[in-house]
Amino acid sequence: MQTEARMGVVVEGGQRGLSSGHGSVSVDKLSKQKQQMLQNHSQIGTMSHLLAGGVAGALSKTCTAPLARLTILFQVQGMHSDGAALRKASIWHEASRIVNEEGFRAFWKGNLVTIAHRLPYSSVNFYAYEQYKKQLLQVIPGLQSRGENMGADACLHFLGGGLAGITAASATYPLDLVRTRLAAQTNVIYYRGIWHALQTICREEGVLGLYKGLGATLLGVGPSIAISFSVYETLRSFWQSQRPRDSTVLVSLACGSLSGIASSTATFPLDLVRRRKQLEGVGGRARVYTTGLFGIFRHIIQTEGFRGMYRGILPEYYKVVPGVGICFMTYETLKMLLADVSTSL
């Protein structure tokens, strides 16, 4: 996200370069280019923001779908597996089982509903983030100093990202639940597709069944997106201030990958609980967890140990490093392309 805060850091660096008398022409030219880029990005309309965010999310999810499915399968293993089975679990063993029993295409099981979920989710997420930043600047007086105060910048990105994540997750949650249930199916196919899953859940569990696990989701997605956006923006701003000539695509990819690692590490236990809540009662199975959120945490630690809270974190890392990087890189690239198109029209 090209923000005024990041551009302010670069321009200030350019002013210092001018006063020292070294490379004044090139630095001034670079500052003008950055300012022009910011001006172009400000001309992007609502539909362009939504399109860039949606395509970025769908592309990144499709590229990392096999690892996403492995993550889900590991996260839900502790619900109906004994200790011996859990100790034997490994990424290679589970991947081999999928290929042998379900075929290679099974790695993308549920990817259609993933795209159907990710397109609106990512669109709303990125667009809401940009809008919340503007609103927060007007509502919270201390944030007007962004560009000069790194703490104000971080606070703005954290609050904006958290609110955007909650908004996007709430708006698209039923599709997220269906995606999880389709991806968690192995040999027994209970749900035949998106619409069949939606109808079956409503019939067997009621309409509220489509929002099973929403509390844990909002509790996790708010901090997750907040950390992701704030780490991404902070790293990108620092990188551009130190190396303003580096490729925008490279910077977005690297900073996006690091932000994904940070957010996943901090919020993975909540994501694990969310997945398990989403799978409660599937196919008429008995409920495993009869307590609230903290009771589920206690149950997992007692039965699987503290490591159980991070079951599936390894494929999650393998997924988020390229996935979040691709998402931010695609978003930034599409914004630049759409800005160029809008200025040429």
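Contact here means that heavy atoms lie within 4.5 Å of each other. The structure is a predicted model, in which local features need pLDDT of at least 70 and side-chain atom pairs count only at pLDDT 80 or more, while totals for chains, interfaces and linings use all residues. Residues are numbered from 1 along each chain as its sequence is written, and side-chain values use heavy atoms, with hydrogens and water left out.

**Overall architecture**

The protein has 14 helices and zero strands, where helices (H or I, at least four residues) and strands (E, at least two) are DSSP runs numbered from the N terminus. Of the 345 residues in the protein, 50% are buried, a term that means under 20% relative accessible area, with exposed meaning over 50% and partly exposed the range in between (1.4 Å probe, protein chains only). The protein exposes about 16,200 Å², of which carbon and sulfur atoms supply 63%; these areas come from the Shrake-Rupley method with a 1.4 Å probe, and for residues only the protein chains shown count as cover. Among contacts in the protein with a separation of 6 or more, 80% are accounted for by residues 24 or more positions apart.

**Helix 3**

Helix 3 (residues 46-63) has 18 residues, which at 1.5 Å a residue should span 26 Å, and its end C-alpha atoms are 26 Å apart, in agreement; the expected span is 1.5 Å times one less than the number of residues. The buried residues of helix 3 are His-49, Ala-52, Gly-53, Gly-54, Ala-56, Gly-57, Ala-58, Ser-60 and Lys-61.

**Helix 4 and its two partners**

Two packed helices are described by the angle between their axes and the distance between the axes. The axes are lines fitted to C-alpha atoms, for helices over the stretch in contact, and the angles run from 0 to 180 degrees between N-to-C directions.

| Helix pair | Angle | Axis distance |
|---|---|---|
| Helix 4 and helix 7 | about 105° | 11 Å |
| Helix 4 and helix 12 | about 75° | 9 Å |

Helix 4 is therefore roughly perpendicular to helix 12, given that angles under 35 degrees count as roughly parallel, over 145 as roughly antiparallel, 65 to 115 as roughly perpendicular and the rest as oblique. In this pair, Thr-71, Ile-72 and Gln-75 of helix 4 meet Phe-268, Asp-271, Leu-272, Arg-275 and Arg-276 of helix 12. By class, that contact of helix 4 with helix 12 has three nonpolar, two polar and three charged residues, where Ala, Val, Leu, Ile, Met, Phe, Trp, Tyr, Cys and Pro count as nonpolar, Asp, Glu, Lys and Arg as charged, and the others, Gly among them, as polar.

Helix 4 and helix 7 are likewise roughly perpendicular to each other. On the helix 4 side the contact is made by Arg-69, Leu-70, Leu-73 and Phe-74, and on the helix 7 side by Ile-91, Glu-94, Ala-95, Arg-97, Ile-98 and Glu-102. The residues of this contact divide into six nonpolar, no polar and four charged.

Phe-268 lies in helix 12 (residues 248-278) and counts as buried at 2% relative accessibility. Leaving aside neighbours within four places in sequence, Phe-268 is in contact with Thr-71, Gln-75, Met-309, Tyr-310, Arg-311, Gly-312, Ile-313 and Glu-316. The C-alpha atoms of Phe-268 and Gly-312 are separated by 9.0 Å, although the two are 44 residues apart along the chain.

Ser-228 is found in helix 11 (residues 214-242) and, at 8% relative accessibility, counts as buried. Not counting residues up to four places away in sequence, Ser-228 touches Ser-259, Ser-263, Val-324 and Phe-328. Ser-230, also placed in helix 11, counts as buried at 10% relative accessibility.
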